[in-house]
Amino acid sequence: MNPLTTRAHHNKAHPLKNLPDERLIEDARNGNVHAFETLVKRYEQMVYGFSFKMCRNKEKADETLQDTFINVYKNLQQFNGNSKFSTWLYSIVTNNCLMNRRKRKMDQEMVSLDEPPVEEGAHHHGTIPSWEDTPAEKMMNTELRSRLDTSIQKLPQDYRVVFILRDIEGQSIEETAQILKLSIPAVKSRLRRARIFLREQLNDYMVQ
Amino acid sequence: MKKTQRHTLNCRSVYKHICENLDADIDSAKCRRIRAHIEECENCTAYLDSLKKTVYLYRAYPTPLVSTNAHKELIAKIPFATVSEKKRRSLG
Ligand SMILES: [Zn+2]
C-alpha cells in the first residue's frame, strides 16, 4: 500500500456531521476520506434497511450495503445535484438489490400481476376489527412476520420496489418515479397492484 | 346472476381508484364521487381499511440495525486509495 494514500485516522473531533450532504460530497470528491465516512454514517441505515426490506435477508442486505457504497464512492463524480442525494442513493441500492438477485437466480414462486388479482365479490366480508388500537409489537409475532416475508417475496421485484419505496420508506410518488426511471402513471399502477396483491395475501389477517 | 352485481360493479370501479385515495385527496369530481361512494358503502370502507392495514403491518415490521461490525467492514471495503491515487495522478 502506498503510504501517501493510507487513511489517516484523526482523533480530533470533526464538525463534519453537521455539514450538508452537498458539502460532504464535494469534500469526498476532493479525496477527503472523513467526509465520505460521514456520508456513510448518515445513510448506511437507510441503505441497509431498504435492502433488507427488499430481500428479507440480513446477509444479502449486508452485501448490498457494501456494494452500494462502493458504487457510490466510485461514481461520486457522476452525482449532479439535480436530485436529492437520497434519491440518487436509492436508485443505486435498487440496482444493486436487483443485480444481486439476478446473480443468484433466486426468484422463488413469482406471480404474474398482468391481470389484477381482485376477484369480483371477494371483499364481502363485513367489518374489520379495530386493529388500529392494537400496538404493533403485540401484533408482530413470528407467524405474522414470516407471513409478511413470504407474501412480499411472491410479489415481482418491479412491484415490490415501488411498494417499499412509496409505502414503507415514505418516498413521494414523484421521487419513486425518479428513482426507478418510471412515469408517474406507471408508479401508481404498480403501487395499486402491489397493495391489492399483498392485501389478498394477508386476507386471513383481515377477517377475524 | 348475483343480485348484488350492480352494486359490485360499482364497487369494482371504486376499487380501481381506491388505492390512489390512500395517498392524497385529489379534489377532482371523480375523487369526490369515489369518496362519496366509500362513505356510504360498507364493503368499500372495509376494503380501504384492509389496504391501510396491509401497509401498516409492513411498516410495523421491525428493521434490523447496521451493526458496528458491518459498518467497519463496509468502510474497510471502500476503495479509498485507488480513487484518490487516480485523482492525484490526474491532478499532477
Ligand atoms: Zn362499494
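In helix α8 of chain A, the residues A:I173, A:E175, A:T176, A:A177, A:I179 and A:L180 are buried, where buried means under 20% relative accessible area, exposed over 50%, and partly exposed in between (1.4 Å probe, protein chains only). The helix is thus described as mostly covered, since six of its eight residues are buried. Helices are DSSP runs of H or I with at least four residues, strands are runs of E with at least two, and both are numbered from the N terminus. Just after α8(A), A:K181 takes a positive phi of about 50°. The structure is a predicted model, in which local features need pLDDT of at least 70 and side-chain atom pairs count only at pLDDT 80 or more, while totals for chains, interfaces and linings use all residues. Residues are numbered from 1 along each chain as its sequence is written, chains are lettered from A and ligands numbered from 1 in the order in which they are written, and side-chain values use heavy atoms, with hydrogens and water left out.

One of the buried residues of α8(A), A:I179, can be related to A:V162, which lies in helix α7 of chain A.

Salt bridges were examined next. Side chains of opposite charge can pair when their charged atoms come close. A salt bridge is defined here as a side-chain nitrogen of Lys or Arg within 4 Å of a carboxyl oxygen of Asp or Glu. Over all chains, the structure holds nine salt bridges. With a relative accessible area of 49%, A:K84 is partly exposed, whereas A:E175 is buried because its value is 16%.

A salt bridge is also formed by A:R195 with A:D167, with the closest N and O atoms 2.7 Å apart. A:R195 lies in helix α9 (residues 184–201) of chain A and A:D167 in helix α7 (residues 157–168) of chain A, so the pair ties together parts that are 28 residues apart in sequence. A:R195 is buried, its relative accessible area being 2%, and A:D167 is buried at 3%. In a further salt bridge, the side chains of A:R147 and A:D204 meet at 2.9 Å, N to O. Because A:R147 belongs to helix α6 (residues 142–154) of chain A and A:D204 to helix α10 (residues 203–206) of chain A, this pair ties together parts that are 57 residues apart in sequence. A:R147 is partly exposed, with a relative accessible area of 22%, and A:D204 is partly exposed at 44%.

A pair of aromatic rings is described by the distance of the centres and the angle of the planes. Rings of Phe, Tyr and Trp (its six-membered ring) pair if their centres lie within 6.5 Å; planes under 30 degrees apart count as stacked, over 60 as edge-to-face and the rest as tilted. A search of the whole structure finds 10 aromatic pairs over all chains. In one of these, the ring centres of A:F79 and A:W88 are 5.2 Å apart and the planes stand at 50°, so the pair is tilted. A:F79 counts as buried at 9% relative accessibility, and A:W88 counts as buried at 15%. A:W88 also forms a tilted pair with A:F85, with 5.9 Å centre to centre and 40° between the planes. A:F85 and A:W88 are three residues apart in helix α4 (residues 85–104) of chain A, and therefore about one helical turn separates them. A:F85, like A:W88, is buried. Together, A:Y43, A:F79, A:F85 and A:W88 form one aromatic cluster.

Chain B contains five helices and zero strands. Of its 92 residues, 38% count as buried.
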